[in-house]
Amino acid sequence: MNAAPMQDAPAAAPLDIAILVFDEVEALDLGGPYEVFTTATRMQQRLQPGAADPFRVRCVARTAEPIRARAGLRILPDADFAHCPAPDVLIVPGGVVDGPRACAATLAWIAQAAAHARLTASVCTGAFLLADAGLLAAGAPVTTHWEDIADLRAQFPTLDVQDHVRWVEQAGGRIVSSAGISAGIDMSLHLVARLAGQPLAERTARQMDYAWNPHPTTA
């Protein structure tokens, strides 16, 4: 494994991770980060028995009603917008995002949650939601699934839309966007390394039997 990335300043554990869910969300766009952060919490006890949990993960939706993910998987949110604690980390997955893009309440919640969060990250077409919520400044680097790169460029011409990357961070690292599915897992492991240390990220990837690519480029 290559040299560890720069680690963020330590924070009181556990960090609250909020993963947005909505009808037609891509199951693995949310399931990948969910698995990474929850597995990291389990693995912390193997690396440091008795240590505080690093993360507490919630799926958050506009209402408490069940969500129907893409292909029909049913998801029961842990909290709705009105009752979700302000998160330390916000994850915005992709999928078919027409519905949440047209929902003023969803975009307002994303903006509000991101204003509080230490980190906000998107997977795949979740980048469109970050842009719609006003979180991406002109010239900001961003990426999404390869199939949606052209649409993101066309709809948000002031952004620096990058292809051939697994994930990209804006200056300062507070906003991170990734390409599709497996890139979201790579990005989430990168965030674990930033927030809780490289050894925990490596142990998490090993537990998941996942060949983690810790580099943001596809090469």
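Figure 1. W109 is buried, since its relative accessible area is 7%, below the 20% limit for a buried residue. The model shown here and in the other views is a predicted one. F81 is buried as well, with a relative accessible area of 13%. The rings of F81 and W109 form a stacked pair, with 4.7 Å from centre to centre and 5 degrees between the planes. An angle under 30 degrees counts as stacked, so the 5 degrees of this pair place it in that class. The two residues come from distant parts of the chain, 28 residues apart. W109 belongs to helix α3 (residues 104–116), whereas F81 sits in the loop between β5 (79–80) and β6 (89–92).

**Figure 2. The aromatic pair of F37 and F55.** A search of the whole structure finds 3 aromatic pairs, and the pair of F37 and F55 is edge-to-face. The ring centres are 5.1 Å apart, and the planes make an angle of 80 degrees. Planes over 60 degrees apart count as edge-to-face, so 80 degrees gives the pair its name. F37 lies in helix α1 and F55 in strand β2 (residues 55–61), so that the pair links distant parts of the chain, 18 residues apart. F37 is buried, at 0% relative accessibility. F55 is also buried, with a relative accessible area of 4%.

**Figure 3. Helix α1 against helix α7.** The axes of α1 (residues 27–47) and α7 (residues 198–207) come within 9 Å and cross at roughly 110 degrees. Because of this angle, α1 is roughly perpendicular to α7. The crossing of the two helices is right-handed. On the α1 side the contact is made by V36, T39, A40, R42, M43, Q44, R46 and L47. On the α7 side the residues are P199, L200, R203, T204 and Q207. Sorted by class, the contact of α1 with α7 has 6 nonpolar, 4 polar and 3 charged residues.

**Figure 4. Helix α6 against helix α7.** Helix α6 covers residues 182–196, and its axis comes within 7 Å of the axis of α7. These axes cross at roughly 145 degrees, and the crossing is right-handed. L189, V192, A193 and A196 of α6 make the contact with Q198, L200, A201, T204 and A205 of α7. This contact has 7 nonpolar and 2 polar residues, and no charged ones.

Figure 5. In α7, the buried residues are Q198, L200, A201, R203, T204 and A205. The elements that cover them include α1 and α6. L200 and T204 take part in the contact with α1, and L200 and T204 also take part in the contact with α6. After α7 comes D209, which has a positive phi near 55 degrees.

**Figure 6. G184 and its surroundings.** G184 is a residue of helix α6. Its relative accessibility is 0%, so G184 counts as buried. Leaving aside residues up to four places away in sequence, G184 touches P33, V123, S178 and A179. G184 and G94 are 90 residues apart along the chain, and their C-alpha atoms are separated by 10.0 Å.

Technical notes
Residues numbered from 1 in each chain as written. Predicted model: local features only at pLDDT ≥ 70, side-chain atom pairs only at ≥ 80, totals over all residues. Heavy atoms only, no water. Axes fitted to C-alpha atoms, helices over the stretch in contact; angles between N-to-C directions. Helix = DSSP H or I, 4+ residues; strand = E, 2+ residues; numbered from the N terminus. Parallel < 35°, antiparallel > 145°, perpendicular 65-115°, else oblique. Left-handed = near helix turned anticlockwise from the far one by under 90°. Contact = heavy atoms within 4.5 Å. Nonpolar A, V, L, I, M, F, W, Y, C, P; charged D, E, K, R; others polar. Phe/Tyr/Trp six-rings, centres within 6.5 Å; stacked < 30°, edge-to-face > 60°. Buried < 20%, exposed > 50% of the residue type's maximum accessible area, 1.4 Å probe, protein only.
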